[in-house]
Amino acid sequence: MRSTTYLSYEVFAEVLDHCQAEYPLEACGILLGTSAPPQTMVTEIIRAKNIKRSSVRYEIEPSTLQRSYFTAEMKGLEVVGIYHSHPDIPSEPSEYDAEHAFPEQIYLIISLRVKTREEVTAWRWSSQKNKFLRENLVVHR
């Protein structure tokens, strides 16, 4: 049975806006919320700078990642995952994504084609299975 990731339409729109603004480069950011498997609730994001400035790779600025853990703790939340875009390619994790995945984190991947949302998928890196597992994704009002 798949786990489920929930996010509000407002959070979803903010992620999409960030990805469209960075196109044709990969956008990236941090997902904050709560996680009680099999459910993860994303309640806000922190936009990050892709220091690779690439259309096929991303790397979050270390200070932003560090600050996100502090922000989450101050708000009683957790860093539950990462989002990033895949400009002009499918929203499936790449080999690079797998090599750099944090254990048990959600990866929200947004596929864009000429700035238009093509597909959005959610994945969780399973340390036990050493691969990404597809999540159900629910966007709600």
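In which elements of the protein is confidence lowest and highest? In this predicted model, the mean pLDDT falls to its lowest value, 91, in strand 6, which spans residues 116-126. The highest value, 98, belongs to strand 3, residues 39-48. Over the whole protein the average pLDDT is 95, and 100% of the residues score at least 70.

The secondary structure consists of three helices and seven strands. Read from the N terminus, these elements follow the order β-α-β-β-α-β-α-β-β-β. Strand 2 covers residues 28-36, and a loop that contains P38 lies between this strand and strand 3.

The overall dimensions were computed from the C-alpha atoms. Along the principal axes, these atoms fill a box of roughly 35 × 35 × 35 Å. The radius of gyration is 14 Å, in agreement with the value near 14 Å that a compact globule of 141 residues would have. Of the 141 residues, 46% count as buried. The accessible surface amounts to about 7500 Å², and carbon and sulfur atoms contribute 50% of this area. Among contacts between residues at least 6 apart in sequence, 63% join residues that are at least 24 apart.

When neighbours within four places in sequence are set aside, P38 is in contact with S3 and T4. P38 and T4 are 34 residues apart along the chain, yet their C-alpha atoms are separated by 6.2 Å.

The cysteines were considered next. A disulfide is a covalent bond between the sulfur atoms of two cysteines. The structure holds zero disulfides. For C19, the closest cysteine sulfur is that of C28, and the separation of 9.0 Å is too far for a bond; the cut-off for a disulfide is a pair of sulfur atoms within 2.5 Å. C28 is likewise in no disulfide, its nearest cysteine sulfur being that of C19, 9.0 Å away. C19 counts as buried because its relative accessibility is 0%. C28 also has a relative accessible area of 0% and is buried.

Notes:
Residues are numbered from 1 along each chain as its sequence is written. This is a predicted model: local features need pLDDT of at least 70, side-chain atom pairs count only at pLDDT 80 or more; totals for chains, interfaces and linings use all residues. Side-chain values use heavy atoms; hydrogens and water are left out. Buried means under 20% relative accessible area, exposed over 50%, partly exposed in between (1.4 Å probe, protein chains only). pLDDT is the predictor's confidence in each residue, from 0 to 100. Helices (H or I, at least four residues) and strands (E, at least two) are DSSP runs, numbered from the N terminus. Contact means heavy atoms within 4.5 Å. The radius of gyration is taken over C-alpha atoms; the globule rule is 2.2 Å times the number of residues to the power 0.38. Accessible areas come from the Shrake-Rupley method with a 1.4 Å probe; for residues, only the protein chains shown count as cover.
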